[in-house]
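Please look over the sequence and the model first, and then read the notes below.

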Amino acid sequence: MNTKSKSGFSSSLGFILVATGSAVGVGNIWRFPYLAAQNGGGIFLIIYLLLVLTFGFTLLTTDIAIGRRTREKALNAFGAMKSKWKFLGKLTFLVPLIIMTYYCVIGGWVLKYATVYLSGCRDQATQDDYFKSFLSSHASPIVFTLIFMAITVFIVYFGVQKGIERFAKVVMPGLILMIVGIAVFSLTLRYTDSNGIERTGMQGLMIYLKPDFTDMTFSKFLKILLDAMSQLFFSLSVSMGIMVTYGSYVKKDTNLSRSIKYIEYFDTGVALLAGVMVIPAVYVFYGTQGMTSGPGLMFVSMPKVFNAMGNIGTIIGFVFFAMVTFATLTSSISVMETLVADFMDLLHMSRKKTSLILGVVYSIASIIICLGYNVFYFEFTLPNGQSAQLLDIMDYVSNSFLLPLISFLTCVFVGWIIKPKWIIDEVEASGDKFSRKRLYNVMIRYIAPVVMTILFFQSTGIL
Ligand code: PHE
């Protein structure tokens with residue numbers, strides 16, 4: 001409990017920035033563009049936007065309001081609302097537990113690219129197989145992952161507010177400016193391939209924006225829906241207890257409805273812009289085949305963009321990867337903070353001791369994930385047909401499988417057991433209006449439970 005008084009946010013702006021800091025991370029800049037590209041661009045984009053405005057808003061509101069009203073972290077919050085539902089807090093707790101095993105690994109990749117640009121070796125990074133050979137090397141990914149982990153643990157060790165608030169205020173605006181600038185540059189790209197075909201950034205933009213319904217089947221639609229929904233959970237950091245914990249730090253007079261809108265718009269805006277930055281570039285240099293390349297997409301295409309910028313590309317490349325590293329850090333800190341806060345309560349240990357122990361445990365877990373690309377390499381086919389390594393399996397289990405289940409249970413619990421009014425009252429407790437109250441009601445009681453059920457069965461491969 002003592003974490004609460006220590007960690008309260010000093011202002012609404014502080015809360016918005018920190019929550020956005022958790023939401024904006026590699027999910028937006030790395031995961032969103034590759035999923036959009038894999039799923040054909042335009043259709044994914046429309047589905048994602050619709051989901052943010054309906055499901056995203058509903059889940060985010062639910063998490064934050066539960067946190068603020070119960071003043072508890074997710075692990076205890078559900079039990080505090082109704083003792084029979086304590087299990088839901090425990091189930092929710094599993095998600096950050098899993099995500100933390102691989103999040104710092106991706107952080108390590110980004111950090112590695114920042115150092116490559118810093119040391120001026122960008123020509124290497126521009127080569128087609130660079131990312132692959134980096135991943136399959138034994139030492140390098142582990143070293144960068146561990147550095148990233150150490151920074152995360154260091155900041156959590158000293159407590160949430162001091163560490164994160166200061167960070168987020170500087171990094172977020174800088175990152176946006178950077179992404180806008182690079183996105184504009186991406187649109188001006190032109191490249192003629194070995195077959196003499198010229199492709200332009202504007203053509204790439206059209207692929208990103210224009211929905212293509214040819215060959216659309218119901219099962220393909222469901223797959224896109226599941227990808228978009230799991231991205232939504234991941235990107236907004238919802239249904240995993242993180243926003244509940246942050247909600248518990250928020251003051252009663254903060255306008256929740258407005259804060260949630262900012263978080264939602266900001267997170268989605270960054271993802272959309274990241275798509276404009278990455279997808280046209282991939283199209284220009286690799287054509288539509290390049291779009292299916294999956295998780296490596298950002299690491300393969302961005303170096304090409306920086307290369308096309310000439311000499312200044314080295315500096316811009318460095319600043320870009322450094323900022324993404326910071327954005328990733330604010331997210332990894334939020335996951336670690338949630339875990340530390342929970343384990344402090346569970347094990348009755350101090351913040352410092354808990355941070356250190358978790359740091360060691362997760363360092364070991366992350367090393368195993370890194371080795372999934374070489375020593376422990378195997379090919380596993382996920383129920384959605386994609387071939388996966390350890391990292392992708394963890395990602396799938398948490399985002400595509402567990403999160404629809406947790407969200408389904410949360411919606412049933414809030415919609416039918418404690419009733420939406422409980423949440424609505426909390427949102428309006430500051431005296432401000434909850435402008436999307438009606439939508440919230442319908443979503444939480446009817447639409448979300450049905451869709452989450454479908455997605456859950458789809459994720460298991462039953463549908
Ligand atoms: N939302 C973060 C991102 O988009 C990732 C994240 C997931 C952060 C889970 C915290 C918890 O990168």
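Which polar side-chain atom lies 3.0 Å from a nitrogen atom of the ligand? That atom belongs to serine 237, and the pair falls under the heading of a polar contact, meaning a pair of N or O atoms within 3.5 Å, where within protein one must be able to donate a hydrogen and the other to accept it, and residues adjacent in sequence count only if both atoms are side-chain atoms. Taken alone the ligand exposes 320 Å², and the protein buries 100% of that area, as computed by the Shrake-Rupley method with a 1.4 Å probe, with only the protein chains shown counting as cover for residues.

The model is predicted, so that local features need pLDDT of at least 70 and side-chain atom pairs count only at pLDDT 80 or more, while totals for chains, interfaces and linings use all residues. Residues are numbered from 1 along each chain as its sequence is written, and side-chain values use heavy atoms, with hydrogens and water left out.

**Around the ligand**

- The ligand is surrounded by 16 residues, and the closest are Ala23, Gly27, Tyr103, Phe234 and Ile242, where near means that a heavy atom of the residue lies within 4 Å.
- The shell around the ligand divides into eight nonpolar residues, eight polar ones and no charged ones, with Ala, Val, Leu, Ile, Met, Phe, Trp, Tyr, Cys and Pro counted as nonpolar, Asp, Glu, Lys and Arg as charged, and the others, Gly among them, as polar.

**A buried glutamine**

- Glutamine 231 is found in helix 12, a helix being a DSSP run (H or I, at least four residues) numbered from the N terminus.
- Glutamine 231 is buried, with a relative accessible area of 0%, where buried means under 20%, exposed over 50% and partly exposed in between (1.4 Å probe, protein chains only).
- The side chain of glutamine 231 makes a polar contact with the side chain of arginine 31, at 2.8 Å.

**Positive phi angles**

- Most residues other than glycine have a negative phi.
- Aspartate 215, in the loop between helix 11 (201-209) and helix 12, has a positive phi of about 65° and is exposed at 64% relative accessibility.
- Histidine 348, in the loop between helix 16 and helix 17 (351-371), has a positive phi near 50° and is exposed, with a relative accessible area of 72%.

Methods. Helices (H or I, at least four residues) and strands (E, at least two) are DSSP runs, numbered from the N terminus.
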